[in-house]
Amino acid sequence: GARTQSGAQAVAVDDQGRLVVAGYTCDDDCQPEGDLRIYDPGDALVWQASLGAFKSEGLGTQDLAWSPAGYAVVATGGLKGDESAFTVRAFASSQPLPLWTFEHKHLQALQLALALALGRDGEVYAGGLGASSSPAVVFIGG
């Protein structure tokens with residue numbers, strides 16, 4: 001069907017001053033398809049990558065940051081069929097597939113990556129919901 005809805009869920013600026021947007025598109029019966037896009041200063045789309053299908057908009061992108069290592073880092077819930085996963089992925093604008101993926105699952109509990117902080121050397125700290133409603137904080141080397 002036609003894509004009738006869209007949303008930007010997080011924005012960042014890359015090392016070239018371009019706008020990086022994580023969001024989704026869907027039709028009237030919203031089964032969101034997440035994506036990551038980079039726009040140049042003239043608002044032209046210069047790169048796009050799929051983030052996959054999410055069960056709902058609320059499980060899509062939660063946070064986005066540009067790493068000093070030269071790539072975008074995005075925090076999301078799990079993809080459709082794997083909704084309870086705490087997921088962090090890195091994308092370089094040179095390719096459509098993730099450079100790396102960190103995923104943590106718990107079969108009985110929702111886990112959701114909610115916030116990102118990046119260190120000077122590209123190290124990634126991600127926080128969110130862990131199993132049994134306890135906070136989860138993970139360190140991912142850059």
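A residue counts as buried under 20% relative accessible area, exposed over 50% and partly exposed in between, using a 1.4 Å probe and protein chains only. With that in hand, welcome to a predicted model, in which local features need pLDDT of at least 70, side-chain atom pairs count only at pLDDT 80 or more, and totals for chains, interfaces and linings use all residues. Residues are numbered from 1 along each chain as its sequence is written, and side-chain values use heavy atoms, with hydrogens and water left out.

**Overall fold**

- The protein has 11 strands and zero helices, where helices (H or I, at least four residues) and strands (E, at least two) are DSSP runs numbered from the N terminus.
- Its radius of gyration is 15 Å, close to the 14 Å from the globule rule for 142 residues, so the protein is as compact as a globular protein of that length. That radius is taken over C-alpha atoms, and the rule is 2.2 Å times the number of residues to the power 0.38.
- Along the principal axes, the C-alpha trace spans about 45 × 45 × 20 Å.

**Packing and surface**

- Of the 142 residues in the protein, 44% are buried.
- Contacts (heavy atoms within 4.5 Å) tell you about sequence reach: among those between residues at least 6 apart in sequence, 37% join residues at least 24 apart.
- The protein exposes about 7100 Å², with carbon and sulfur atoms supplying 51% of it; accessible areas come from the Shrake-Rupley method with a 1.4 Å probe, and for residues only the protein chains shown count as cover.

**Charges**

- There are 8 positive and 16 negative side chains, and the centres of the two sets lie 4 Å apart.
- Lys and Arg count as positive and Asp and Glu as negative, while His and the chain ends are not counted. Each charge is placed at NZ of Lys, CZ of Arg, CG of Asp or CD of Glu.

**Salt bridges**

- A salt bridge is a side-chain nitrogen of Lys or Arg within 4 Å of a carboxyl oxygen of Asp or Glu, and the count by this rule is four.
- Arg18 pairs with Asp14 in one of them, the closest N and O atoms being 2.7 Å apart. Arg18 is buried at 15% relative accessible area, and Asp14 is buried at 5%.
- Arg37 forms a salt bridge with Asp35, with the closest N and O atoms 2.9 Å apart; Asp35 is buried at 7%.
- Glu103 and Lys105 meet in a salt bridge at 3.4 Å, N to O. Glu103 is partly exposed at 37%, and Lys105 is partly exposed at 45%.
- Through shared partners, salt bridges join Asp82, Glu103 and Lys105 into one network.
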